Amino acid sequence: MGGLSEYRRMRDFSRTGEPAGDPDGKARRRSLRFVIQKHAASHLHFDLRLELDGVMKSWAVPKGPSLDPAIKRLAMQVEDHPVEYNAFEGTIPKGQYGGGTVMLWDRGTYTPDEARSGEPPDAAVRRGLKAGKLSFTFHGERLHGSFALVRTSGRSGGRSGSRGGRSDKPQWLLIKHRDDTARPGSDVTEEIATSVESGRTMDEIADDADRVWQSNRGNTKPAPDRQTAGPTVVADAMPPMKPTPARTLPDDGEWTWEPWRGGTRVMAFATPDAARLLDERGRDATHRNRPIAEELASLAGRLGTPFVAEGELFEEDGEAMLALSDLLLHGDSVLAAEPWRVRREALRAMLQRRRLDRLQRPDVADSPEAALRSAAARGWPGVLARREDAPYTPGEKSGALLRITR
Ligand code: MN
(Lines give C-alpha, C1' and ligand atoms only; values in the text may rest on other atoms or scores of the structure.)
Protein backbone atom coordinates (compact mmCIF):
# COMPACT_ATOMS: atom_id res chain seq x y z
CA MET A 1 0.00 0.00 0.00
CA GLY A 2 1.02 3.66 -0.40
CA GLY A 3 4.03 5.00 1.43
CA LEU A 4 3.94 5.79 5.11
CA SER A 5 5.59 9.12 4.41
CA GLU A 6 2.35 10.17 2.76
CA TYR A 7 0.50 9.54 6.00
CA ARG A 8 3.10 11.45 7.93
CA ARG A 9 2.69 14.39 5.60
CA MET A 10 -1.00 14.46 6.44
CA ARG A 11 -0.25 15.87 9.86
CA ASP A 12 -1.44 19.27 8.75
CA PHE A 13 -4.26 18.00 6.59
CA SER A 14 -6.99 20.12 8.05
CA ARG A 15 -5.33 23.50 7.88
CA THR A 16 -6.66 24.17 4.44
CA GLY A 17 -9.87 25.93 3.48
CA GLU A 18 -11.97 25.54 6.61
CA PRO A 19 -15.29 27.29 6.04
CA ALA A 20 -16.20 29.32 9.09
CA GLY A 21 -19.45 29.35 10.98
CA ASP A 22 -22.38 27.02 10.97
CA PRO A 23 -24.14 27.38 7.62
CA ASP A 24 -27.05 25.06 8.30
CA GLY A 25 -27.64 26.28 11.81
CA LYS A 26 -27.41 22.93 13.59
CA ALA A 27 -25.43 24.36 16.47
CA ARG A 28 -28.13 26.90 17.13
CA ARG A 29 -30.83 24.28 17.52
CA ARG A 30 -28.70 22.31 19.95
CA SER A 31 -28.75 22.62 23.71
CA LEU A 32 -26.54 25.39 25.02
CA ARG A 33 -23.46 24.07 26.74
CA PHE A 34 -21.77 25.29 29.88
CA VAL A 35 -18.46 24.50 31.47
CA ILE A 36 -16.84 25.50 34.75
CA GLN A 37 -13.06 25.28 34.88
CA LYS A 38 -11.03 25.63 38.06
CA HIS A 39 -7.99 27.70 37.20
CA ALA A 40 -4.86 28.08 39.31
CA ALA A 41 -3.48 31.24 37.72
CA SER A 42 -1.85 34.02 39.75
CA HIS A 43 -5.06 33.82 41.82
CA LEU A 44 -7.10 30.63 42.08
CA HIS A 45 -10.54 31.15 40.52
CA PHE A 46 -13.30 29.40 38.66
CA ASP A 47 -14.18 30.23 35.05
CA LEU A 48 -17.87 30.01 34.27
CA ARG A 49 -18.54 29.70 30.53
CA LEU A 50 -21.98 29.77 28.93
CA GLU A 51 -22.39 28.97 25.24
CA LEU A 52 -24.04 31.67 23.14
CA ASP A 53 -23.79 32.52 19.45
CA GLY A 54 -20.94 30.11 18.82
CA VAL A 55 -18.68 31.30 21.63
CA MET A 56 -18.47 30.79 25.37
CA LYS A 57 -19.47 33.89 27.31
CA SER A 58 -17.07 33.83 30.24
CA TRP A 59 -16.89 35.03 33.82
CA ALA A 60 -14.04 34.67 36.30
CA VAL A 61 -15.63 33.75 39.63
CA PRO A 62 -12.94 34.06 42.32
CA LYS A 63 -14.70 31.84 44.86
CA GLY A 64 -16.69 29.70 42.43
CA PRO A 65 -20.39 28.88 42.56
CA SER A 66 -22.26 28.34 45.82
CA LEU A 67 -25.42 26.33 46.43
CA ASP A 68 -26.30 28.58 49.37
CA PRO A 69 -28.89 31.18 48.24
CA ALA A 70 -27.66 33.58 50.92
CA ILE A 71 -24.23 33.80 49.31
CA LYS A 72 -23.56 36.11 46.36
CA ARG A 73 -20.42 35.36 44.43
CA LEU A 74 -18.58 38.02 42.45
CA ALA A 75 -18.32 37.13 38.74
CA MET A 76 -16.15 39.33 36.52
CA GLN A 77 -17.01 39.09 32.86
CA VAL A 78 -13.96 38.35 30.72
CA GLU A 79 -13.28 37.77 27.03
CA ASP A 80 -15.46 35.32 25.15
CA HIS A 81 -13.66 31.99 24.76
CA PRO A 82 -13.70 29.60 21.80
CA VAL A 83 -15.95 26.58 22.24
CA GLU A 84 -12.93 24.34 21.57
CA TYR A 85 -11.44 25.43 24.88
CA ASN A 86 -14.36 23.79 26.76
CA ALA A 87 -12.68 20.42 26.73
CA PHE A 88 -9.35 21.68 27.96
CA GLU A 89 -7.82 20.41 31.15
CA GLY A 90 -4.11 20.66 31.70
CA THR A 91 -1.40 23.21 32.11
CA ILE A 92 -0.97 26.46 30.22
CA PRO A 93 2.68 27.52 30.25
CA LYS A 94 3.51 30.46 32.48
CA GLY A 95 3.78 33.68 30.57
CA GLN A 96 0.99 32.81 28.13
CA TYR A 97 -2.47 34.25 28.52
CA GLY A 98 -4.21 32.35 31.31
CA GLY A 99 -1.05 30.55 32.40
CA GLY A 100 -1.49 27.94 35.14
CA THR A 101 -3.30 24.68 35.75
CA VAL A 102 -6.86 24.22 34.49
CA MET A 103 -9.29 21.57 35.79
CA LEU A 104 -12.62 20.72 34.19
CA TRP A 105 -14.78 21.10 37.29
CA ASP A 106 -18.25 20.72 35.77
CA ARG A 107 -19.95 20.69 32.40
CA GLY A 108 -23.31 20.06 30.82
CA THR A 109 -26.07 22.16 29.33
CA TYR A 110 -28.04 25.11 30.60
CA THR A 111 -31.45 26.56 29.84
CA PRO A 112 -32.75 30.10 30.38
CA ASP A 113 -35.54 30.22 32.99
CA GLU A 114 -37.45 33.15 31.52
CA ALA A 115 -37.86 32.41 27.81
CA ARG A 116 -40.97 34.01 26.39
CA SER A 117 -43.46 31.84 24.59
CA GLY A 118 -41.93 30.74 21.29
CA GLU A 119 -38.62 32.44 22.06
CA PRO A 120 -35.55 30.30 21.25
CA PRO A 121 -33.25 29.67 24.25
CA ASP A 122 -30.36 31.62 22.74
CA ALA A 123 -32.57 34.67 22.21
CA ALA A 124 -33.72 34.53 25.84
CA VAL A 125 -30.11 34.29 27.06
CA ARG A 126 -29.05 37.19 24.82
CA ARG A 127 -31.93 39.29 26.17
CA GLY A 128 -31.11 38.42 29.79
CA LEU A 129 -27.42 39.26 29.43
CA LYS A 130 -28.23 42.55 27.73
CA ALA A 131 -30.68 43.46 30.48
CA GLY A 132 -28.13 42.56 33.16
CA LYS A 133 -30.18 39.76 34.72
CA LEU A 134 -30.09 36.19 33.51
CA SER A 135 -31.89 33.39 35.32
CA PHE A 136 -30.84 30.00 34.09
CA THR A 137 -30.76 26.37 35.12
CA PHE A 138 -27.65 24.18 35.08
CA HIS A 139 -28.03 20.62 33.85
CA GLY A 140 -24.50 19.63 34.76
CA GLU A 141 -22.82 16.52 36.00
CA ARG A 142 -22.40 18.24 39.37
CA LEU A 143 -24.41 21.45 39.39
CA HIS A 144 -28.16 21.39 38.96
CA GLY A 145 -30.92 23.87 39.52
CA SER A 146 -31.54 27.53 38.99
CA PHE A 147 -29.04 30.37 39.35
CA ALA A 148 -29.03 34.07 38.53
CA LEU A 149 -26.34 36.26 37.04
CA VAL A 150 -27.01 39.87 37.99
CA ARG A 151 -24.91 42.71 36.61
CA THR A 152 -23.86 45.25 39.22
CA SER A 153 -21.54 47.49 37.20
CA GLY A 154 -20.01 47.98 33.78
CA ARG A 155 -21.44 48.13 30.34
CA SER A 156 -23.39 45.39 28.66
CA GLY A 157 -22.09 43.38 25.71
CA GLY A 158 -19.15 45.55 24.70
CA ARG A 159 -16.83 42.88 23.34
CA SER A 160 -14.67 45.40 21.50
CA GLY A 161 -14.94 48.87 22.99
CA SER A 162 -12.45 51.68 22.71
CA ARG A 163 -11.73 51.92 26.42
CA GLY A 164 -10.49 48.36 26.63
CA GLY A 165 -9.15 48.48 30.21
CA ARG A 166 -10.01 45.80 32.76
CA SER A 167 -11.80 48.31 34.95
CA ASP A 168 -14.78 48.65 32.63
CA LYS A 169 -15.36 44.90 32.40
CA PRO A 170 -18.87 44.26 33.67
CA GLN A 171 -19.11 42.86 37.16
CA TRP A 172 -21.86 40.44 38.01
CA LEU A 173 -23.05 38.42 40.98
CA LEU A 174 -23.71 34.71 40.70
CA ILE A 175 -26.53 33.72 43.04
CA LYS A 176 -28.26 30.40 43.69
CA HIS A 177 -32.04 30.60 43.51
CA ARG A 178 -34.11 29.00 46.27
CA ASP A 179 -35.22 25.69 44.82
CA ASP A 180 -34.88 22.05 45.79
CA THR A 181 -31.26 21.99 44.65
CA ALA A 182 -30.27 24.79 47.05
CA ARG A 183 -28.12 23.67 49.99
CA PRO A 184 -27.88 26.42 52.62
CA GLY A 185 -24.64 26.28 54.59
CA SER A 186 -22.87 24.07 52.05
CA ASP A 187 -19.60 24.77 50.25
CA VAL A 188 -19.67 22.88 46.98
CA THR A 189 -16.27 24.05 45.74
CA GLU A 190 -14.75 22.68 48.94
CA GLU A 191 -16.67 19.38 48.70
CA ILE A 192 -15.75 18.72 45.07
CA ALA A 193 -12.03 19.02 44.52
CA THR A 194 -11.51 16.73 41.52
CA SER A 195 -11.92 16.90 37.76
CA VAL A 196 -15.26 15.93 36.25
CA GLU A 197 -13.37 14.47 33.30
CA SER A 198 -10.39 12.67 34.79
CA GLY A 199 -11.05 12.53 38.54
CA ARG A 200 -7.68 14.20 39.08
CA THR A 201 -6.84 16.85 41.67
CA MET A 202 -5.20 20.14 40.71
CA ASP A 203 -1.82 18.76 41.83
CA GLU A 204 -2.22 15.65 39.71
CA ILE A 205 -3.10 17.74 36.66
CA ALA A 206 -0.13 20.03 37.28
CA ASP A 207 2.17 17.01 37.51
CA ASP A 208 1.05 15.62 34.15
CA ALA A 209 3.32 17.29 31.66
CA ASP A 210 1.69 15.52 28.71
CA ARG A 211 -1.04 18.01 28.23
CA VAL A 212 0.39 21.44 27.75
CA TRP A 213 -1.67 24.00 25.93
CA GLN A 214 0.24 26.31 23.60
CA SER A 215 -2.34 28.96 22.98
CA ASN A 216 -0.86 29.98 19.63
CA ARG A 217 -0.56 26.56 18.01
CA GLY A 218 -3.00 24.16 19.58
CA ASN A 219 -2.51 21.42 22.08
CA THR A 220 0.15 19.22 20.52
CA LYS A 221 3.13 17.31 21.75
CA PRO A 222 6.25 18.22 19.80
CA ALA A 223 6.67 15.71 17.00
CA PRO A 224 10.27 14.64 16.32
CA ASP A 225 9.86 14.86 12.56
CA ARG A 226 7.75 17.95 12.54
CA GLN A 227 10.41 19.99 10.80
CA THR A 228 10.63 17.53 7.91
CA ALA A 229 6.93 16.83 7.65
CA GLY A 230 6.82 18.22 4.12
CA PRO A 231 4.04 19.98 2.29
CA THR A 232 0.39 19.70 3.19
CA VAL A 233 -1.38 16.89 1.36
CA VAL A 234 -5.05 17.12 0.57
CA ALA A 235 -7.15 14.75 2.60
CA ASP A 236 -8.65 13.01 -0.42
CA ALA A 237 -5.42 11.04 -0.68
CA MET A 238 -7.10 8.65 1.76
CA PRO A 239 -10.81 7.86 1.47
CA PRO A 240 -12.23 5.05 3.63
CA MET A 241 -11.69 1.40 2.74
CA LYS A 242 -14.62 0.06 0.69
CA PRO A 243 -16.56 -2.94 1.97
CA THR A 244 -17.16 -5.91 -0.31
CA PRO A 245 -20.84 -6.93 -0.37
CA ALA A 246 -21.31 -10.50 0.84
CA ARG A 247 -24.28 -12.80 1.26
CA THR A 248 -22.67 -15.35 3.49
CA LEU A 249 -20.36 -15.27 6.47
CA PRO A 250 -16.66 -15.77 5.74
CA ASP A 251 -15.47 -19.29 6.56
CA ASP A 252 -11.75 -18.63 7.00
CA GLY A 253 -9.67 -16.44 9.27
CA GLU A 254 -10.51 -14.44 12.39
CA TRP A 255 -13.10 -11.68 12.01
CA THR A 256 -14.87 -9.13 14.14
CA TRP A 257 -18.42 -7.89 13.64
CA GLU A 258 -19.84 -4.41 13.92
CA PRO A 259 -23.17 -2.85 13.01
CA TRP A 260 -23.66 -1.18 9.66
CA ARG A 261 -26.30 1.46 10.31
CA GLY A 262 -26.92 2.28 6.68
CA GLY A 263 -25.15 5.61 7.12
CA THR A 264 -22.29 7.29 5.26
CA ARG A 265 -18.83 5.87 5.86
CA VAL A 266 -16.22 8.60 6.23
CA MET A 267 -12.60 9.22 7.07
CA ALA A 268 -12.11 11.78 9.84
CA PHE A 269 -8.95 13.89 9.85
CA ALA A 270 -8.65 15.62 13.22
CA THR A 271 -6.15 18.08 14.62
CA PRO A 272 -6.61 20.26 17.70
CA ASP A 273 -7.34 23.16 15.32
CA ALA A 274 -9.92 21.61 13.02
CA ALA A 275 -11.24 18.41 11.56
CA ARG A 276 -12.37 17.27 8.13
CA LEU A 277 -14.66 14.47 7.03
CA LEU A 278 -14.35 12.72 3.68
CA ASP A 279 -16.78 10.13 2.34
CA GLU A 280 -16.11 6.93 0.36
CA ARG A 281 -16.20 8.82 -2.90
CA GLY A 282 -13.71 11.39 -1.69
CA ARG A 283 -16.31 14.13 -1.19
CA ASP A 284 -16.03 16.53 1.72
CA ALA A 285 -18.75 15.93 4.33
CA THR A 286 -17.46 18.45 6.87
CA HIS A 287 -19.77 21.38 6.23
CA ARG A 288 -22.90 19.26 6.78
CA ASN A 289 -21.53 17.86 10.03
CA ARG A 290 -19.89 20.81 11.70
CA PRO A 291 -20.71 19.90 15.33
CA ILE A 292 -19.15 16.47 14.76
CA ALA A 293 -16.07 18.08 13.21
CA GLU A 294 -15.83 20.40 16.21
CA GLU A 295 -16.00 17.48 18.60
CA LEU A 296 -13.31 15.63 16.64
CA ALA A 297 -11.02 18.66 16.87
CA SER A 298 -11.83 18.96 20.55
CA LEU A 299 -10.94 15.30 21.06
CA ALA A 300 -7.64 15.81 19.22
CA GLY A 301 -7.04 18.75 21.55
CA ARG A 302 -7.71 16.64 24.63
CA LEU A 303 -5.46 13.89 23.29
CA GLY A 304 -2.81 16.44 22.43
CA THR A 305 -2.27 14.88 19.01
CA PRO A 306 -3.80 14.66 15.53
CA PHE A 307 -5.43 11.42 14.40
CA VAL A 308 -7.13 9.88 11.38
CA ALA A 309 -10.09 7.59 12.06
CA GLU A 310 -12.69 5.83 9.98
CA GLY A 311 -16.31 6.06 11.02
CA GLU A 312 -19.95 5.97 9.99
CA LEU A 313 -22.23 9.01 10.01
CA PHE A 314 -25.77 8.24 11.09
CA GLU A 315 -28.74 9.86 12.80
CA GLU A 316 -29.94 9.05 16.27
CA ASP A 317 -33.03 10.79 17.66
CA GLY A 318 -32.70 13.33 14.87
CA GLU A 319 -29.09 14.17 15.80
CA ALA A 320 -26.13 13.49 13.52
CA MET A 321 -23.62 11.13 15.14
CA LEU A 322 -20.31 9.59 14.11
CA ALA A 323 -19.60 6.00 15.14
CA LEU A 324 -15.82 5.58 15.15
CA SER A 325 -14.79 2.24 13.67
CA ASP A 326 -11.07 2.18 12.85
CA LEU A 327 -7.89 4.15 13.56
CA LEU A 328 -5.26 4.75 10.87
CA LEU A 329 -3.01 7.40 12.35
CA HIS A 330 -2.52 8.57 15.90
CA GLY A 331 0.13 11.21 16.40
CA ASP A 332 3.36 9.72 15.17
CA SER A 333 1.96 6.19 15.04
CA VAL A 334 1.03 5.09 11.55
CA LEU A 335 -1.42 2.28 12.15
CA ALA A 336 -2.82 1.63 8.68
CA ALA A 337 -0.22 -1.03 7.93
CA GLU A 338 -0.88 -2.80 11.23
CA PRO A 339 -3.40 -5.65 11.48
CA TRP A 340 -6.92 -4.74 12.57
CA ARG A 341 -6.44 -6.32 15.98
CA VAL A 342 -3.65 -3.79 16.68
CA ARG A 343 -5.65 -0.84 15.30
CA ARG A 344 -8.68 -1.92 17.28
CA GLU A 345 -6.74 -1.91 20.54
CA ALA A 346 -5.19 1.48 19.69
CA LEU A 347 -8.66 2.93 19.03
CA ARG A 348 -10.03 1.49 22.26
CA ALA A 349 -7.09 2.93 24.22
CA MET A 350 -7.41 6.32 22.53
CA LEU A 351 -11.07 6.66 23.53
CA GLN A 352 -10.72 5.21 27.01
CA ARG A 353 -12.09 7.55 29.68
CA ARG A 354 -12.85 10.19 27.06
CA ARG A 355 -16.21 11.83 27.27
CA LEU A 356 -17.95 11.62 23.90
CA ASP A 357 -21.08 13.42 22.81
CA ARG A 358 -21.71 13.13 19.07
CA LEU A 359 -18.97 10.53 18.68
CA GLN A 360 -19.51 6.88 19.51
CA ARG A 361 -17.06 4.20 20.53
CA PRO A 362 -16.74 1.18 18.23
CA ASP A 363 -19.38 -1.44 18.79
CA VAL A 364 -17.50 -4.66 18.01
CA ALA A 365 -19.03 -8.09 18.58
CA ASP A 366 -17.10 -11.34 18.58
CA SER A 367 -19.84 -13.35 16.93
CA PRO A 368 -21.76 -12.57 13.74
CA GLU A 369 -25.00 -13.86 15.25
CA ALA A 370 -24.95 -11.33 18.08
CA ALA A 371 -24.14 -8.46 15.71
CA LEU A 372 -26.86 -9.47 13.24
CA ARG A 373 -29.41 -9.86 16.05
CA SER A 374 -28.51 -6.44 17.40
CA ALA A 375 -28.73 -4.90 13.91
CA ALA A 376 -32.15 -6.51 13.35
CA ALA A 377 -33.44 -5.30 16.70
CA ARG A 378 -32.48 -1.72 15.86
CA GLY A 379 -33.68 -1.76 12.26
CA TRP A 380 -30.16 -1.44 10.82
CA PRO A 381 -29.51 -3.02 7.42
CA GLY A 382 -26.64 -5.34 8.34
CA VAL A 383 -23.15 -5.79 9.72
CA LEU A 384 -19.57 -5.18 8.65
CA ALA A 385 -17.01 -7.94 9.10
CA ARG A 386 -13.39 -6.86 9.54
CA ARG A 387 -10.56 -9.37 9.20
CA GLU A 388 -8.33 -9.31 12.28
CA ASP A 389 -4.98 -9.89 10.57
CA ALA A 390 -5.51 -7.49 7.64
CA PRO A 391 -4.01 -4.02 7.16
CA TYR A 392 -6.12 -1.02 6.17
CA THR A 393 -6.32 -0.27 2.45
CA PRO A 394 -7.73 3.24 1.90
CA GLY A 395 -10.17 3.57 -0.97
CA GLU A 396 -9.93 -0.10 -1.92
CA LYS A 397 -12.02 -3.22 -1.71
CA SER A 398 -9.54 -5.67 -0.26
CA GLY A 399 -11.82 -8.46 0.88
CA ALA A 400 -10.76 -7.73 4.47
CA LEU A 401 -13.94 -5.70 5.03
CA LEU A 402 -17.27 -7.33 4.16
CA ARG A 403 -20.75 -5.86 4.23
CA ILE A 404 -23.31 -8.48 5.10
CA THR A 405 -26.95 -7.50 4.88
CA ARG A 406 -29.55 -9.37 6.83
MN1 MN B 1 -9.28 31.77 34.17
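This talk walks through one predicted protein model, from the whole chain down to single residues.

Some ground rules. Residues are numbered from 1 along each chain as its sequence is written, and side-chain values use heavy atoms, with hydrogens and water left out. Because the model is predicted, local features need pLDDT of at least 70 and side-chain atom pairs count only at pLDDT 80 or more, while totals for chains, interfaces and linings use all residues.

Let's start with the whole chain. There are eight helices and 19 strands. Helices (H or I, at least four residues) and strands (E, at least two) are DSSP runs, numbered from the N terminus. Of the 406 residues, 51% count as buried. Buried means under 20% relative accessible area, exposed means over 50%, and partly exposed lies in between, with a 1.4 Å probe and protein chains only. Now contacts, meaning heavy atoms within 4.5 Å. Take those with a separation of 6 or more: residues 24 or more positions apart account for 67% of them.

H45 and D47 are both buried.

Now the cores. A nonpolar core is a set of buried Ala, Val, Leu, Ile, Met, Phe, Trp, Tyr and Cys residues joined through side-chain atoms within 4.5 Å. In soluble globular proteins, nonpolar side chains tend to be buried together. The largest core here has 28 residues, and L48, L50, W59, F136, F138 and L149 touch the most other members. Strand β2 gives the largest share of this core, four residues. Apart from it lies another core, of 27 residues, including L327, A346, M350 and L359.

Look at L50 by itself. Leaving out residues up to four places away in sequence, L50 touches R33, F34, V55, M56, K57, W59, Y110, L134, F136, F138 and L149.

On to helix α7, residues 340-351. It has twelve residues and reaches 16 Å from first C-alpha to last, close to the 16 Å expected at 1.5 Å a residue. That expected span is 1.5 Å times one less than the number of residues. Which residues of α7 are buried? W340, R343, A346, L347, M350 and L351. They cover an arc of only 125° around the axis, so they sit on the same side of α7. The arc is that of the directions from the helix axis to the C-beta atoms. What covers these buried residues? Among the elements are β11 (255-260), α6 (290-303), β14 (307-316), β15 (319-330) and β18 (382-387).

Now salt bridges: a side-chain nitrogen of Lys or Arg within 4 Å of a carboxyl oxygen of Asp or Glu. How many are in the whole structure? A search finds 29. Take R386 and E310, with their closest N and O atoms 2.7 Å apart. This pair links distant parts of the chain: R386 is in strand β18, E310 is in strand β14, and they are 76 residues apart. R386 and E310 are both buried.

Next, D326 and R343, at 2.8 Å between the closest N and O atoms. D326 is in strand β15 and R343 in helix α7, 17 residues apart. Both are buried as well.

These four belong to a network of salt bridges, together with E258, R265, E280 and R403.

R348 and E345 are three residues apart in the helix, so about one helical turn separates them. R348 counts as partly exposed at 42% relative accessibility, and E345 does too, at 40%.

Last, backbone angles. Most residues other than glycine have a negative phi, and most peptide bonds are trans. D53 is not a glycine, yet its phi is positive, about 55°. D53 lies in the loop between β2 (44-52) and β3 (55-61). R353, which follows α7, has a positive phi near 65°. R353 is in the loop between α7 and β17 (359-360). Buried or exposed? R353 counts as exposed, because its relative accessibility is 61%.
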